Amino acid sequence: MIEKLALDISNALNDTPSRDFDDLVGIEAHIENLKPLLSVESSEVRMVGVWGPAGIGKTTIARALYTRLSPTFQHSAFMENLKETYRRINLDDYGSKLHLQEEFLSKLINHKDVKITHSGVVRERLKDKRVFVVLDDFNELDQLIALAKEPRWFGSGSRIVVTTQDRQLLKAHGIDLVYKVELPSQTEALEIFCQSAFGQKHPCVGIRELALQVTHLAGYLPLGLTVLGSYLRGFSKEEWEYAMPRLTTSLDGKIEKTLRFSYDVLHSKDKSIFLHIACLFNGKNVEDVKTLLENSNLDVNHGLKTLADKSLVDTHWGHIHMHSLLQKIGREIVYQQSVHEPGKRQFLIDAEEIRDVLACNSGTGTVLGISFDISKINGELSISKKAFQGMHNLQFLEIYKKRNGRSRLNLPHGLNYLPHKLRLLHWDSFPMRSLPPKFSHEFLVELRMTSSKLEKLWEGIIPLRSLKVMDVSYSRKLKEIPNLSNATNLKKFSAYGCESLSAFPHFPNSIEELEISSTGIEEVPPQIENLCMLQRLSMKQCKKLTNISMNISNLENLEEVDFSYTEDGILFTAIVSWLSGAKKRLTIRAHNIEEMLPKCLPRKAYTSPVSLDLSRNEDIKTIPDCIKHISQLHKLDIGECRKLTSLPQIPESLSELNAQECESLERVNGSFHNPDICLNFANCLKLNREAKELICTSPSKYAILPVEEAMVQRPFPRFLRYNYKACIRLLARSAVYDDDSGVIARVACCIRRKCDGSVVRDESRESHIPVLVRDHLFTLEVL
C-alpha cells in the first residue's frame with residue numbers, strides 16, 4: 001500500500017504537472033531543486049524552508065508546488081497574507097494565535113467557522129492526517145509556532161513548506177532543509193520581463209536594447225521585471241524612451257510597497273546600517289565596513305547578520321551586496337528626510353545636490369556621510385574654506401572621480417576645517433599641499449588621498465589610534481610621510497607612484513601590508529625587522545633602491561616580498577612553503593638570485609621543513625649555494641629553468657627534485673643519499689655522463705632521465721646494473737597523456753614478485769612527466 005502511494009506521488013510529481021504554471025520562466029528548475037528536500041516518497045514528516053528576498057518569487061514557487069502536490073495529500077492548505085491577518089485582528093497574543101489556528105484548520109479540513117478553545121486542538125485533529133501545508137511569507141516565530149510547532153503535530157508523510165525572507169526564523173524553528181531562491185540569469189530575466197511587456201519570451205523588433213536596460217534596472221528581480229513589464233506594455237518605442245528617465249530614478253509604487261515593508265520592520269539600529277549601506281557601502285568589503293562602523297553604537301556585527309538573514313544584503317565572498325531596488329528604497333527614504341533642503345539629510349549622494357550644498361555652505365549637523373562623484377558635475381566647482389563647517393557630525397567623506405577623469409573641485413582660498421568626527425576621508429586629487437592644520441585625526445579609520453597635490457600630510461607625530469588604512473598613491477609631489485609610529489592599529493599603507501618620496505617611512509609594528517612601489521626610496525633600513533606583523537612588502541620599480549638590509553630575513557610573518565625591476569639583472573620568482581606550523585608560504589620576486597634569495601629567505605627557513613619552488617624562471621643560470629644550508633628542505637622544484645646549467649650540492653633531507661625541462665642542465669654536483677627521493681630529469685637533454693651515472697646509481701624511490709640509444713643496448717652499462725633497481729625504457733611520446741593537448745604524460749607500473757612460489761602484488765608506482773622528446777629511462781627501487 002505504501003509503495004503504491006509513493007508511486008502515485010512520484011507519478012504526480014513527474015508525469016502530470018499542472019498547466020497553470022507552464023509559462024513561468026524557470027519554475028520547473030525550482031521544483032526540481034526542491035524535490036530532494038521534500039522527498040515526498042518518505043514517510044517522515046518534513047518541514048522545508050524556501051528563503052529569499054522580497055519579490056524574488058517565493059510565493060509563486062510555493063503556489064506551483066502546492067498546485068502540483070496538494071491533490072496527492074489527504075488534506076492541504078495554503079496560508080498567506082499573514083501580515084494583513086495579524087493587523088486585522090485586535091486580540092491579545094493568545095487570542096490571535098487561536099484565531100490563526102481556526103483559520104488554518106478551516107482551510108485544512110474544508111469546514112467554515114471552526115472554533116478552537118485551546119492551543120492543543122490543532123495537534124489532536126492533525127496528528128494522524130497526512131497533510132501538505134504552505135505557510136507563505138512568515139516573518140514571526142510566534143506565527144510559525146502557532147500553526148506548526150513541531151513535526152509530531154502532523155501525520156506520517158506530511159510536508160510543511162515555509163516561505164520567508166528571514167533565514168534566522170527558519171533556524172530558530174529548527175528547519176534545516178532550506179532552499180535559497182537565487183535571482184534568475186540575464187537570459188531568464190529578459191524572458192520574464194518580455195512575458196509581462198509583450199506577452200512572449202522575446203522583445204519586439206527594435207526594442208531589444210531598451211528591454212535589456214529595463215531588465216538591468218530591475219536588477220533581475222522577478223517582481224520588478226513583472227511590474228515594469230506591465231507598466232510598459234503597449235508603449236511605442238518613442239514612449240519607452242520617454243519613460244526611461246523616470247524608471248532610472250524612481251520606483252514603481254507596487255515594488256516600493258513590497259520592498260519597503262522589509263525595512264519598516266527592522267530595529268532602529270538595523271535601519272541605520274541599511275541606510276549606510278544603501279548610500280555609502282554597497283559593494284564594499286565586509287571587514288572594512290565593520291571597521292568603519294565598529295564604534296558607532298550600531299552593533300554592526302549583529303546588524304549585518306540580521307540584514308543578511310532577512311535577505312536585505314548578501315555578504316558572501318567578503319563583500320556587501322544590496323539589490324539595486326533595495327538600494328533605491330534606502331536612498332528614497334533618505335531623500336524624503338528633507339526633499340527641498342539636501343543639507344538636512346543624513347546622506348548626500350547626488351552630485352549636483354552636493355555641489356549646491358558645498359557651494360552654498362548649507363550643510364548641517366544632520367549630515368553623516370557624503371559620496372561625491374565629481375566626474376558627474378557640469379563645469380568647475382570652487383568651494384569656500386568653510387564649506388564643511390556646518391557639518392560637524394560628518395563621519396564619511398568620499399570625493400572621487402572616474403579613472404583618468406579631471407578634477408573639477410577647487411579650493412581657491414584653501415580649507416581651514418574638516419569635521420573632527422571623520423572616520424573615512426577619501427579625497428581624490430586633493431588640491432592643497434597639506435591637510436588643514438587644525439584637522440583632528442582622532443576618529444580617522446581610513447585616509448585615502450590618491451593622485452593628490454600633497455607635499456606633506458601634517459607636521460610632527462600625532463595620535464592616530466583609530467587609523468587602519470592609509471593610501472596616498474600617485475601623489476607625485478609628496479616628499480615625506482610623517483612618523484606613523486603612533487598609529488598603532490595601522491594595517492595597510494600604500495604610496496604607490498609617489499616618486500618624490502625618498503626615505504623609508506616610520507611604521508608601527510602593527511603594519512601588515514606595505515605597497516611602496518615606483519617610489520624614490522633608496523634604502524630598506526635595518527629597522528624593518530621591527531615590523532613583526534608584516535605580511536606583504538611590495539617595492540617594484542624602485543629604481544633608486546640600492547641597499548636592502550639583511551634584517552628582512554627576520555620577518556617571520558612575511559608572505560610576499562617583491563623587489564622586481566629595482567636594478568639590471570635577471571628576474572626570478574621563488575616560493576618557499578612551510579610544511580608544518582601556522583605559516584604556509586612566502587613568495588619572493590626580485591632580480592639577481594645569487595644576492596637576493598639569501599637576503600630575503602627567512603632565517604627560520606634554514607631550520608624548518610620547507611619546499612622551495614624556483615620553477616619557470618627561464619633566465620636564471622645558477623642556483624645560490626645557500627640552498628645547501630636549508631637543512632630540512634624536502635622538495636626542490638626547478639622545472640623549466642631552461643638556462644640553468646648546473647645544480648649545487650643538495651641537502652640530504654631532500655625527498656623530491658623536479659628538474660624537468662631544464663634543457664641546458666649539464667652538471668649535478670654532490671650526490672643524493674635519501675633512498676625515498678624522487679628524481680625527475682625529464683627532457684634534460686644536455687646532462688653529461690657523470691650526471692646520468694650519479695642519478696642512476698644513487699638510492700632513490702624512482703628517477704626519470706633521458707638516455708642515448710647506446711645506453712639501453714644489452715649488456716647494460718655497469719651503472720645501469722645497480723642492485724635492486726628496475727629500469728624501464730620510455731619511448732618518446734609513447735606514454736599515456738592526461739589531457740587533450742598532450743602536455744603531461746602519466747607513467748605507471750606495478751611491481752610483482754614471487755613469494756613461496758606465489759605471485760603477489762607488491763606496490764604501484766606512478767609519475768607525471770612532460771611530453772618526452774627523446775627516449776628516457778624510468779628507474780625505481782624494487783627492494
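Reader: Why does E446 count as buried?

Author: The relative accessible area of E446 is 7%. A residue is buried under 20%, exposed over 50% and partly exposed in between, with a 1.4 Å probe and protein chains only, so E446 is buried. This is a predicted model, in which local features need pLDDT of at least 70, side-chain atom pairs count only at pLDDT 80 or more, and totals for chains, interfaces and linings use all residues. Residues are numbered from 1 along each chain as its sequence is written, and side-chain values use heavy atoms, with hydrogens and water left out.

Reader: Where does E446 lie, and which residues is E446 in contact with, leaving aside its neighbours within four places in sequence?

Author: E446 lies in strand 12, residues 446-448. Helices (H or I, at least four residues) and strands (E, at least two) are DSSP runs, numbered from the N terminus. Contact means heavy atoms within 4.5 Å. Apart from neighbours within four places in sequence, E446 is in contact with D288, L292, R423, L424, L425, L467 and V469.

Reader: What makes the pair of E446 and R448 a polar contact?

Author: The side chains of E446 and R448 are joined at 2.9 Å. A polar contact is a pair of N or O atoms within 3.5 Å; within protein, one must be able to donate a hydrogen and the other to accept it, and residues adjacent in sequence count only if both atoms are side-chain atoms. The pair of E446 and R448 is listed as such a contact.

Reader: How do you know whether R345 is buried or exposed?

Author: R345 has a relative accessible area of 3%, and therefore R345 is buried. R345 is found in the loop between helix 17 (324-335) and strand 6 (347-348). Its side chain reaches the backbone oxygen of S338 at 2.8 Å and the backbone oxygen of V339 at 3.1 Å. Beyond its neighbours within four places in sequence, the contacts of R345 include V334, Y335, E353 and T366.

Reader: Why does R729 count as partly exposed?

Author: The relative accessibility of R729 is 36%, so R729 is partly exposed. R729 lies in strand 29 (residues 725-730). R729 and F778 are 49 residues apart in sequence, and 6.3 Å apart in space from C-alpha to C-alpha.

Reader: How do you know that the length of helix 9 agrees with what a helix should span?

Author: The expected span is 1.5 Å times one less than the number of residues. Helix 9 (residues 186-198) has 13 residues and should span 18 Å; its end C-alpha atoms are 17 Å apart, and therefore the two values agree. Its buried residues are A189, L190, I192, F193, C194, S196, A197 and F198. The buried residues of helix 9 pack against helix 10 (208-217), helix 11 (222-232) and helix 12 (237-249). After helix 9 comes G199, with a positive phi near 75 degrees.

Reader: What is known of helix 13 by the rule of 1.5 Å a residue, and what caps its N-terminal end?

Author: Helix 13 (residues 253-264) has 12 residues and reaches 16 Å from first C-alpha to last, close to the 16 Å expected. I255, L259, F261, S262 and Y263 are its buried residues. D252 caps the N-terminal end, with a side-chain oxygen 2.8 Å from the backbone nitrogen of K254.

Reader: How many aromatic pairs does the rule give, and what makes the pair of F193 and F198 edge-to-face?

Author: The count comes to 15 aromatic pairs. Rings of Phe, Tyr and Trp (its six-membered ring) pair if their centres lie within 6.5 Å; planes under 30 degrees apart count as stacked, over 60 as edge-to-face and the rest as tilted. The ring centres of F193 and F198 are 6.4 Å apart and their planes stand at 90 degrees, so the pair is edge-to-face. F193 has 0% relative accessibility and therefore counts as buried; F198, at 17%, counts as buried.

Reader: How do you know that the pair of F281 and F396 links distant parts of the chain?

Author: F281 and F396 form an edge-to-face pair, 5.4 Å centre to centre with 90 degrees between the planes. F281 is in helix 14 (residues 268-281) and F396 in strand 9 (residues 396-400), 115 residues apart. Both F281 and F396 are buried.

Reader: What makes the charged end of R130 sit over the ring of F73?

Author: A charge sits over a ring if NZ of Lys or CZ of Arg is within 6 Å of the ring centre and within 35 degrees of the ring normal. The charged end of R130 is 3.8 Å from the centre of the ring of F73 and sits over that ring. Ring pairs link F73 with Y66, F78 and F132 into a cluster.
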